[in-house]
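Good morning, colleagues. Please have the sequence and the structure before you.

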Amino acid sequence: MITQTERGADVLPLTTIPGIAGYFGPEHVLADVAARHCDAHRSPFTRGVACGACWELAIRDDERFAVECDLPRELETDPNYIDEIAVDLACSGERVTLTPAELVVAVNRLRRRSVSLSRIALRLHVAYGAVVRIVRETSNEVAA
């Protein structure tokens with residue numbers, strides 16, 4: 001029988017706990033950090049984003065930074081906050097996830113550039129109907 005140390009630390013164990021692999025997947029907020037840590041020694045047998053040691057390093061570094069900077073454990077997001085960089089990327093055609101408030105800003109920015117509604121929908125990777133709805137809502141607010 002092959003033990004974990006003989007197989008290497010960067011190879012997942014033969015049995016995994018259900019649910020754990022999904023939690024530490026590519027959607028995790030620290031996935032990119034863990035993957036960068038793992039890039040230096042990644043084995044072709046490594047499955048998933050990163051090995052356990054790199055996940056632990058990313059999580060501990062994140063926690064240490066939060067403690068040193070006296071940050072709250074859970075950050076509360078402001079639904080009205082506009083990430084201007086995300087809006088700029090979306091307006092240039094990058095596939096970026098925008099909040100509803102950011103989508104309104106992006107649509108209005110492209111409208112000021114005289115971009116057609118169908119082109120706005122294509123550029124922002126959203127449905128045409130969503131763009132029409134935003135234009136109608138913002139024109140009603142201006143008229144009121």
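This is a predicted model: local features need pLDDT of at least 70, side-chain atom pairs count only at pLDDT 80 or more; totals for chains, interfaces and linings use all residues.

Let me begin with Arg109, which is buried, with a relative accessible area of 14%. By "buried" I mean under 20% relative accessible area, by "exposed" over 50%, and by "partly exposed" anything in between, with a 1.4 Å probe and protein chains only. Residues are numbered from 1 along each chain as its sequence is written, and side-chain values use heavy atoms, with hydrogens and water left out.

Where does Arg109 lie? Arg109 belongs to helix H6; helices here are DSSP runs of H or I of at least four residues, strands are runs of E of at least two, and both are numbered from the N terminus. Leaving aside residues up to four places away in sequence, Arg109 touches Glu84, Val87, Asp88 and Cys91. Contact means heavy atoms within 4.5 Å.

Helix H5, residues 84-91, packs on helix H6, residues 100-112, at an angle of about 50 degrees, and their axes are 10 Å apart. H5 is therefore oblique to H6. The axes are lines fitted to C-alpha atoms, for helices over the stretch in contact, and the angles run from 0 to 180 degrees between N-to-C directions. Angles under 35 degrees count as roughly parallel, over 145 as roughly antiparallel, 65 to 115 as roughly perpendicular, and the rest as oblique.

From H5, Glu84, Val87, Asp88 and Cys91 take part, and they meet Glu102, Val105, Ala106, Arg109 and Leu110 in H6. This contact has 5 nonpolar residues, no polar ones and 4 charged ones. In this classification, Ala, Val, Leu, Ile, Met, Phe, Trp, Tyr, Cys and Pro are nonpolar, Asp, Glu, Lys and Arg are charged, and the others, Gly among them, are polar.

Val105 deserves a word of its own. Val105 is likewise in helix H6, but counts as partly exposed, at 25% relative accessibility. Apart from residues up to four places away in sequence, Val105 touches Ile82 and Val87. Val105 and Ile82 are 23 residues apart in sequence and 8.1 Å apart in space, C-alpha to C-alpha.

I turn now to the next helix pair. H6 and H7 pack at an angle of about 135 degrees, with 10 Å between their axes, which means that H6 is oblique to H7. Their crossing is right-handed. H6 contributes Leu103, Ala106, Val107, Leu110 and Arg111, and H7 contributes Leu117, Ile120, Arg123 and Leu124. Here the residues divide into 7 nonpolar, no polar and 2 charged.

Which residues touch the most other members of the largest nonpolar core? They are Val107, Ile120, Leu124 and Val131, out of 18 residues in that core. A nonpolar core is a set of buried Ala, Val, Leu, Ile, Met, Phe, Trp, Tyr and Cys residues joined through side-chain atoms within 4.5 Å. H5, H6, helix H7 (117-124) and helix H8 (128-143) each supply at least two of its residues. Leu124 touches Ala90, Cys91, Leu103, Ala106, Val107 and Leu110, again not counting residues up to four places away in sequence. A second, separate core has 11 residues, including Ala34, Ala35, Cys54 and Trp55.

Asp70, in the loop between helix H4 (52-68) and H5, has a positive phi of about 55 degrees although it is not a glycine. Ser114, in the loop between H6 and H7, is not a glycine either, and has a positive phi of about 65 degrees. Asp70 is exposed, at 70% relative accessible area, and Ser114 is exposed, at 67%.

Finally, the chain as a whole. Its secondary structure comes to 8 helices and 0 strands. Buried residues make up 28% of its 144 residues. Thank you; I welcome your questions.

Definitions and conventions. A crossing is left-handed if the near helix is turned anticlockwise from the far one by less than a right angle, and right-handed if clockwise.
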